[in-house]
Amino acid sequence: MSGLGTAFGSGAMTNSIHELDEMGPKDAIFAIGTNTTECHPIIGIKMLKAKERGTKLVVADPRKTDVALHADIWLRHKPGTDVALLNGMSYVILTEGLADEAFIAKRTENFEAFKEVVMKFTPKYTSSITKVPADKIIEAARIIAKADAAALYYTMGITQHTTGVDNVLSTANIMMLTGNIGKPKGGVNPLRGQNNVQGACDMGALPNVYTGYQPVTNPDVKAKFEKAWNAQLSDKVGLNIPSILNAIEKDEVKMLYVFGENPMRSDPDINHVEHCLKHLDFLVVQDIFLTETAKVADVVLPGVSYAEKDGTFSSTDRTVQRIRKAVEPIGNSLPDWQILRDIMNAMDYPADYSSPEDIFDEMRSLTPSYAGISYKRLEDGGIPWPCPNENHPGTPILHIGKFSRGLGKFSPIEYREPAELPDKEYPLMLTTGRIVTQYHTGTMTRRCWGLNGADPEGFLEINPEDAKSLNIEDGDEISVTTRRGSLITKAQVTTRVPEGLTFITFHFTESPANILTNSAPDPVTGTPEFKVCSVKVKKLDFSDFGCQKRKIFRKKSKAFERK
Ligand SMILES: Nc1nc2c(c(=O)[nH]1)N[C@H]1C(S)=C(S)[C@@H](COP(=O)(O)OP(=O)(O)OC[C@H]3O[C@@H](n4cnc5c(=O)[nH]c(N)nc54)[C@H](O)[C@@H]3O)O[C@H]1N2
Ligand SMILES: Nc1nc2c(c(=O)[nH]1)N[C@H]1C(S)=C(S)[C@@H](COP(=O)(O)OP(=O)(O)OC[C@H]3O[C@@H](n4cnc5c(=O)[nH]c(N)nc54)[C@H](O)[C@@H]3O)O[C@H]1N2
Ligand SMILES: [Mo]
């Protein structure tokens with residue numbers, strides 16, 4: 001998610017994980033839209049330890065997460081109202097004279113335009129949108145602004161919205177307003193999701209850049225890669241996932257190579273995804289298991305897991321680290337790089353890479369931010385990029401003294417509503433996410449006895465008041481329906497969600513959350529609105545389906561899913 005690019009010049013954690021260990025009673029943590037103890041447990045524990053040492057903890061999450069339970073101030077806002085919340089906090093900081101004026105004057109631009117929008121967001125108005133009491137908004141703003149150092153952490157509660165970029169820019173606004181960028185224990189810190197998603201983005205697995213975020217549209221960059229690869233390259237920005245699906249429907253994309261993803265369970269509105277994948281002329285899936293997506297593929301290429309190969313992973317704070325093979329690959333599976341190399345050769349492009357290090361060395365010769373990182377140096381531990389040469393120690397904190405884009409840019413941002421809100425027919429709001437014991441579409445964790453044993457089946461969190469009015473008790477089987485589709489799961493009656501909000505995970509293939517979700521994307525990044533749509537929930541009544549017996553119903557439930 002590169003929204004931050006517009007504010008500072010790059011989109012990664014600005015600071016390092018370990019700074020959390022240095023935080024003391026005069027510092028503050030602002031965790032917004034992150035269920036940190038469940039999804040980034042090591043970082044979550046560091047947050048709670050800081051809290052134990054007296055660091056103030058402000059949490060903004062509609063659900064009662066573990067971090068929310070430990071917070072000094074918990075802002076339980078309505079999903080999709082983060083822009084209003086952050087503007088409202090900025091209003092308090094500005095009007096109470098708590099802004100870091102020296103930082104704003106020296107390091108930033110566009111402040112007046114930002115201020116003009118923010119001045120509408122009085123605590124009363126903000127409260128009317130977010131449903132957070134005005135005094136809590138004021139108190140949270142004071143904690144952030146008065147802290148010696150305040151660090152903001154965010155994840156999918158911020159990005160998975162049609163306003164994802166607006167949300168991200170708003171987090172940058174409040175941290176610049178309080179002068180918390182470019183200093184230890186501060187920063188805007190998006191915690192990346194997968195072990196190596198940072199590395200994948202660094203390697204150019206994005207539609208618009210080569211390695212190290214070098215734009216495909218830049219003629220010098222293009223020329224450099226054409227020379228190195230002895231090939232003609234396109235200067236056109238490629239498609240993101242929603243655009244690929246649209247292009248398949250229009251017959252503009254005819255083949256797809258899916259590599260380490262399970263879109264039949266992880267993409268929004270999977271009835272639509274299935275339609276698109278089946279419409280393709282040719283689908284290749286490269287995975288370590290036969291996933292739901294692999295099952296509809298023409299060719300499946302067996303890769304190997306992290307434990308069966310050498311290479312590097314780049315962690316969420318940009319630290320590049322070595323991974324080493326611990327077990328031999330089984331059967332005819334191969335490390336992903338070997339499969340790709342063999343395909344290149346089969347397509348008459350001679351690729352003679354002999355090891356991951358060989359590929360790494362070519363990459364760093366073309367990537368200024370990785371140029372100084374070598375396998376040899378990594379023997380002594382991880383190195384955070386940018387690292388321009390072999391004598392450079394790496395860069396744990398970005399933007400000290402100067403942003404990569406020069407001045408930090410304030411963004412004036414108006415509040416916009418989510419794409420789909422509850423109405424008469426679909427009266428409850430649904431948000432989706434994760435639990436600690438399962439990972440994404442469950443391909444790996446559901447094969448792991450200990451993890452799957454702890455949470456073997458799916459559920460829908462629903463507030464006791466809503467459950468009561470729907471005559472639903474804890475553990476009841478229920479149907480959950482949106483405009484896109486329906487699924488069956490069990491009710492978990494809990495105050496973790498407030499009245500009007502329900503929550504489901506996308507871990508369980510039997511009750512696949514993405515049958516329900518809305519594919520409406522953020523206009524800039526294409527990230528879908530996984531975090532808000534509207535649903536109706538009903539206690540299962542088998543007679544609805546013309547069956548007296550549960551057994552017959554089970555058979556029919558497949559058809560029900562597809563309705
Ligand atoms: N155990 C486990 N850990 C994981 C993963 C996993 O599948 N399982 N996946 C990894 C990956 S790839 C990722 S991206 C991360 C995701 O990590 P997180 O983003 O922490 O996880 P989520 O559960 O998607 O959502 C986080 C929180 O957003 C809140 N939320 C919902 N709507 C809103 C909103 O409008 N505003 C705000 N502020 N908050 C909202 C939810 O209540 C939830 O508590 O986790 C990583 N770690
Ligand atoms: N409703 C809803 N949907 C969501 C989200 C949400 O919050 N709500 N979150 C979204 C987010 S943030 C993410 S990151 C996506 C995740 O979506 P996906 O990435 O599609 O989900 P995974 O289940 O992690 O799929 C990864 C696949 O890679 C395979 N794999 C693992 N290691 C290797 C390897 O070394 N090589 C190869 N070739 N394959 C490997 C696994 O077996 C698995 O099938 O889901 C998104 N979907
Ligand atoms: Mo993710």
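# Two ligands in a predicted model

A polar side-chain atom of Thr155 sits 2.7 Å from an oxygen atom of ligand 1, a polar contact being a pair of N or O atoms within 3.5 Å (within protein, one must be able to donate a hydrogen and the other to accept it, and residues adjacent in sequence count only if both atoms are side-chain atoms). This is a predicted model, where local features need pLDDT of at least 70, side-chain atom pairs count only at pLDDT 80 or more, and totals for chains, interfaces and linings use all residues. Residues are numbered from 1 along each chain as its sequence is written, chains are lettered from A and ligands numbered from 1 in the order in which they are written, and side-chain values use heavy atoms, with hydrogens and water left out.

**Ligand 1**
- The side chain of Asp61 has an N or O atom 2.7 Å from an oxygen atom of ligand 1.
- Gly80 brings a backbone N or O atom to 2.7 Å from an oxygen atom of ligand 1.
- The protein covers 96% of the 920 Å² of accessible area that ligand 1 has on its own (Shrake-Rupley method, 1.4 Å probe; for residues, only the protein chains shown count as cover).
- Two or more shell residues come from each of α1 (36-39), α9 (156-159) and β14 (428-433); helices (H or I, at least four residues) and strands (E, at least two) are DSSP runs, numbered from the N terminus.
- There are 32 residues around ligand 1, each with a heavy atom within 4 Å of it.
- Asp61, Gly80, Thr155, Arg434 and Gln438 come nearest to ligand 1.

**Ligand 2**
- Around ligand 2 there are 28 residues, and Asn262, Ser266, Asp287, Lys309 and Thr441 come nearest.
- Thr441 places a polar side-chain atom 2.6 Å from an oxygen atom of ligand 2.
- For Lys531, a side-chain N or O atom is 3.1 Å from an oxygen atom of ligand 2.
- Of the 920 Å² of accessible area that ligand 2 has on its own, the protein covers 88%.

**Annotated domain**
- UniProt, in an unreviewed entry, places "domain: Molybdopterin dinucleotide-binding" at residues 428-533; positions follow the numbering used here, feature names are shortened, and annotations may be inferred rather than shown by experiment.
- Residues 428-533 are 11% helix and 26% strand, with end C-alpha atoms 9 Å apart.

**Confidence**
- The chain has a mean pLDDT of 93, and 94% of its residues reach 70 or more; pLDDT is the predictor's confidence in each residue, from 0 to 100.
- Over residues 1-5, pLDDT stays under 50.
- Over residues 552-563, pLDDT also stays under 50.

Definitions and conventions
Contact = heavy atoms within 4.5 Å.
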